[in-house]
Amino acid sequence: MTVRDTLLIALFAFVGAAAAGLVGAGALWLLRRRSFVASLTVVAAVAVTAMMAGTLAVAQAMFLSGHDLSVVTTVVAMAAVVSLVTALLLGRWVVARSRELTRAARSFGDGGAFTAPDGPTTAELDAISRELAATSARLAESRDRERALETSRRELVAWISHDLRTPLAGLRAMSEALEDGVAADPARYLRQIRTEVERLNDMVGDLFELSRIHAGALALSPSRMSVYDLVGDALAGADPLAREHGVRLVGDRVEPLPVEVDGKEMSRVLGNLLVNAIRRTPADGTVAVAAERSPAGVVVSVTDGCGGIPEEDLHRVFDTGWRGTHARTPPAGAGLGLAIVRGIVEAHQGRASVRNIPGGCRFEVTLPSAP
């Protein structure tokens, strides 16, 4: 057979196969929204039809005998039957696995956990199963966080309502006594009213600060300063409260390390930690402040003599509204101070933590070191 004959055979085979391919492409376009089985069947049919069309075109061009053409047609027809049956079986298997995957995905979409279907599957469906499992895990974590936040919000509302009701009732009683002229010592009543108003003002200020933190609206103005100066100012501010409670303040382990922080906000952090420690340390106890360098940055710690926190409550200490047992609940707190501490520290790309030590607790604030 010459090169010319070979080229002619290739040309006739290509024309026949191309015609079948065009018809198949049109069928796939019409069936693009139908089942995968239909598309796979069309692909198998196109492959067999292309082969048959090419074979018949070459056979006609070469003027094969009727017997030879019948033999070729029969062989191609049997190949077509086997190919179509194989395509249908494969398509039904893939569709069945897809439906199982759909049912499993629907289960975790309704609030459950995703469990991949048993049995073998294709690499693509297996990859989808792994992604769905990862998404299910993230959704479960998100639901847990949402439940924890909702519980925290409910506790906060309940405690804030209680803390607001008590001073408001006192203010009302004292104002009525002054108005009726039955107050034995009006000056004392006025001083008490001022104290309660300042307490309410502090509570409102904490709520406003916490709302800014949760809304991501806490604007920081960082500047380079020494942690020694920050701790010194905080100790000076907390000294009157410590004297009132009979608590000793110690700050002799503070290194003059540079940090890049917002001085006002970080002073609030240290002030909240010191107030929290002083109120929970018994009289004649000690609250110690230290600052030192660590591989993670600059660590400022406040150690108190509260007796420790139950291990099951340690992870909740910085939650909004958490105040622990009644024995650890301060008379003028709404459980916002430590939540504000964590929010401000994390806004500085730092970390706040707590752990028990013999006789008390150690709160640590880790801040990035200044370059």
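This is a predicted model: local features need pLDDT of at least 70, side-chain atom pairs count only at pLDDT 80 or more; totals for chains, interfaces and linings use all residues.

Trainee: Which residue in β4 is the bridge partner of R253?

Mentor: Helices (H or I, at least four residues) and strands (E, at least two) are DSSP runs numbered from the N terminus, and two strands pair if DSSP finds at least two bridges between them. Strand β2 (residues 248–254) and strand β4 (residues 286–294) pair in the parallel sense, over five bridges. Within β4, the bridge partner of R253 is A290.

Trainee: Which residue in β3 does S223 stand opposite?

Mentor: Strand β1 (residues 223–226) is joined to β3 by four bridges, and the two run antiparallel. The residue in β3 that S223 stands opposite is V261.

Trainee: How many disulfides does the structure hold?

Mentor: A disulfide is a pair of cysteine sulfur atoms within 2.5 Å. The sulfur of C306 has its closest cysteine sulfur in C361, at 3.0 Å, which is too far for a bond. C361 is accordingly in no disulfide. The number of disulfides in the structure is zero.

Trainee: What is the relative accessible area of C361?

Mentor: C306 has a relative accessible area of 18%, so C306 counts as buried. C361 is also buried, and the relative accessible area of C361 is 0%.

Trainee: Which residue in β7 does R355 stand opposite?

Mentor: Strand β6 (residues 351–357) and β7 run antiparallel and are joined by seven bridges. They form a hairpin with two residues between them, and G359 in the turn has a positive phi of about 90°. R355 stands opposite a residue of β7, namely R362.

Trainee: With the side chain of which residue does the side chain of S301 make a polar contact?

Mentor: A polar contact is a pair of N or O atoms within 3.5 Å; within protein, one must be able to donate a hydrogen and the other to accept it, and residues adjacent in sequence count only if both atoms are side-chain atoms. S301 is in strand β5 and is buried, at 2% relative accessible area. At 3.2 Å, the side chain of S301 makes a polar contact with that of R362.

Trainee: At what distance does the side chain of R362 contact the side chain of E364?

Mentor: R362 is found in strand β7 (residues 360–367). Its relative accessibility is 12%, so R362 counts as buried. The polar contact between the side chains of R362 and E364 is at 2.6 Å.

Trainee: Is K264 buried or exposed?

Mentor: K264 has its place in helix α7 (residues 263–280). The relative accessibility of K264 is 70%, so K264 counts as exposed.

Trainee: How far apart are the C-alpha atoms of L235 and L270?

Mentor: L235 lies in helix α6 (residues 227–245) and counts as buried, at 17% relative accessibility. L235 and L270 are 35 residues apart along the chain, and their C-alpha atoms are separated by 8.6 Å.

Trainee: Which helix gives the largest share of the lining of the second largest pocket?

Mentor: On a 1 Å grid over the protein atoms alone, a pocket is an open set of points where a 1.4 Å probe fits, with protein on both sides within 12 Å along at least five of seven lines, and lining residues have an atom within 4 Å of a point. Residues lining the second largest pocket include R145, H214 and R342. The largest share of this lining, five residues, comes from helix α4 (residues 123–180).

Definitions and conventions
Residues are numbered from 1 along each chain as its sequence is written. Side-chain values use heavy atoms; hydrogens and water are left out. Buried means under 20% relative accessible area, exposed over 50%, partly exposed in between (1.4 Å probe, protein chains only).
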